[in-house]
Protein chains: 2
Amino acid sequence: MVRVSKEYDERLNELLDAGQQLFFQKGYELTSVNDIIEKVGVAKGTFYHYFNSKDDLLDKIVERWTLASLERVERLVMNQEHLNAVEKLNLFFITIRDYKVESLELMKMLMKVLYKDENLIMRYKMFQQSLKWLTPEFVKIIKQGIEEGYFNPADEVETAELIFSMSLSLSESTVKLLLEAERKPENIDKIERKLRVYQSSLEKILGASTGSISIVERRIIELFAKEETDRSIKNKGGK
Amino acid sequence: MVRVSKEYDERLNELLDAGQQLFFQKGYELTSVNDIIEKVGVAKGTFYHYFNSKDDLLDKIVERWTLASLERVERLVMNQEHLNAVEKLNLFFITIRDYKVESLELMKMLMKVLYKDENLIMRYKMFQQSLKWLTPEFVKIIKQGIEEGYFNPADEVETAELIFSMSLSLSESTVKLLLEAERKPENIDKIERKLRVYQSSLEKILGASTGSISIVERRIIELFAKEETDRSIKNKGGK
DNA sequence: ATAAATAGACTGACGGTCGGTCTAGACCGG
DNA sequence: CCGGTCTAGACCGACCGTCAGTCTATTTAT
């Protein structure tokens, strides 16, 4: 093979990019290290020059991904100093939702791949990282809400962690339902019910007034439930 | 090798037992099919005569385990017809806790092994199965509570699922803290806080009166945090 | 006889290792 | 300033051990 030498960071990112693309496309287990190095056009040794293991690569991909999300949340939510805690909390959910809607097709693909048992590790690592980085932001919002008199939970930190892990298991079950929504149209209703319960539980746990938090939007659920449109089936097949 | 023929169910259980023991001891990934057949004293072909895959074996082990728990819950909690919903809910938690205390050393070992990233699949499958089988019991309790006027959630089924998944992520974080409680004694306090928040959240979500649900018991937490006693370090080493 | 149970050699793929090669750029003597 | 030399570290790829799973043959029970 022709030998091509590059800057450390450039190669690193090539490998991260290739890894991410393949992991999101075929899943973690089904992507071999050989697939990745083949895609980049590099040898086994090079891969292990940059990463300790396949698992290490995944860690670094997830970290990069999560830090990008954090940056987004800080920029679009936390920095809006004119907002009160309830508004920030709602914006928090809206921001995440909007991001998913913007990259709808990617998200649909990702959902299909990520929520398979074989890709549990990926999902879990993304959850862990999200929990680690996003909970502190949640805590800030809750503290602000307590000061402003909107919330009254006993323990901000533990409450934030509880709420966050609730939202993660909510995603888990929601996506599962979404994925078979084509076959089972009643799943849309079930998702709506789920979101409603989550929403009101959130209010109760935080001590927020009823209806102050708004997450449910049937339109959005239906958007994700719809099978991909014809026009988007273009890059199928092909080596 | 000497050929020994046995009843279908007997062989099946031998394999399930061996698998369970090894999975609980070394973890799923680190246990090879060869380990299992060696332990039973049987050939590769025999294993695949009884199971489609290593993963299939895990499924069946987890199913057996979960159904045993379900049977226990039904016998010790659900059949106590003289109890009201609040009492049943409390008994539910006590029953689970007592079981863990009874088999304390096994549980400690299991915690150590199960809560490693490599054994995520095991944990996940146990969670899934628990959710599937135990949620209906939860629903029954909630419905009874609504009838009796103790609870007032909007949607029993979704609330039950939410609560159950909350308790699972609670286990997740609690065990993680417990495992490093030796090094970090402050973890015990953190666990207590976590449990308290969970408890009061539960009350709020269900609409139960404050203090009616009781989960936290520092004594029990400390019991699990303590490193295994001298006397229990007897079966270490040895092939 | 025949179906179920068992045996175990074999396969292919995979993650990871290791000894070595190549090259850009630092360094140096003239 | 220039040509040669040196070296860190980027890169290579054959190789290894392991493991899940397959296949065909053989034994056993009925």
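This is a predicted model: local features need pLDDT of at least 70, side-chain atom pairs count only at pLDDT 80 or more; totals for chains, interfaces and linings use all residues.
**Helix α1 of chain B**

- The buried residues of α1(B) include B:Leu15, B:Ala18 and B:Gly19.
- B:Phe23 and B:Phe24 of α1(B) are buried too.
- Among the elements that cover these buried residues are α2 (33-40), α3 (44-50) and α4 (54-78) of chain B.
- The cover also includes α6 (104-114) and α7 (120-148) of chain B.
- Just after α1(B) comes B:Gly27, which has a positive phi of about 95°.

**The contact between the chains**

- Chain A and chain B each put 20 residues into the contact.
- On the side of chain A that touches chain B, the elements giving two or more residues are α7 (120-148), α8 (156-179) and α9 of chain A.
- Of these, α9(A) gives the most, with 8 residues.
- By class, this side of chain A has 9 nonpolar, 5 polar and 6 charged residues.

**Helix α9 of chain A against helix α8 of chain B**

- Two packed helices are described by the angle between their axes and the distance between the axes.
- Here the axes of α9 (residues 186-206) of chain A and α8 (residues 156-179) of chain B come within 9 Å and cross at roughly 65°.
- The crossing of α9(A) and α8(B) is right-handed.
- From α9(A), the contact uses A:Arg193, A:Lys194, A:Val197, A:Tyr198 and A:Ser201.
- From α8(B), the contact uses B:Glu158, B:Thr159 and B:Leu162.
- The residues of this helix contact divide into 3 nonpolar, 2 polar and 3 charged.

**How the two copies are related**

- The same surface serves both copies, since 95% of the contact residues of chain A recur in chain B.

**A residue of helix α8 in chain A**

- A:Val157 lies in helix α8 of chain A.
- A:Val157 counts as partly exposed because it has 18 C-beta neighbours inside 10 Å, while a buried residue needs 20 or more.
- A:Val157 and A:Phe23 are 134 residues apart in sequence, and their C-alpha atoms are 33 Å apart in space.

Note on methods. Residues are numbered from 1 along each chain as its sequence is written. Chains are lettered from A and ligands numbered from 1 in the order in which they are written. Axes are lines fitted to C-alpha atoms, for helices over the stretch in contact, and angles run from 0 to 180 degrees between N-to-C directions. Helices (H or I, at least four residues) and strands (E, at least two) are DSSP runs, numbered from the N terminus. A crossing is left-handed if the near helix is turned anticlockwise from the far one by less than a right angle, and right-handed if clockwise. Two residues are in contact if their C-beta atoms, placed from the backbone, lie within 7 Å. Ala, Val, Leu, Ile, Met, Phe, Trp, Tyr, Cys and Pro count as nonpolar, Asp, Glu, Lys and Arg as charged, and the others, Gly among them, as polar. A residue is buried if 20 or more other C-beta atoms lie within 10 Å of its own, exposed if 12 or fewer, and partly exposed in between; C-beta atoms are placed from the backbone.
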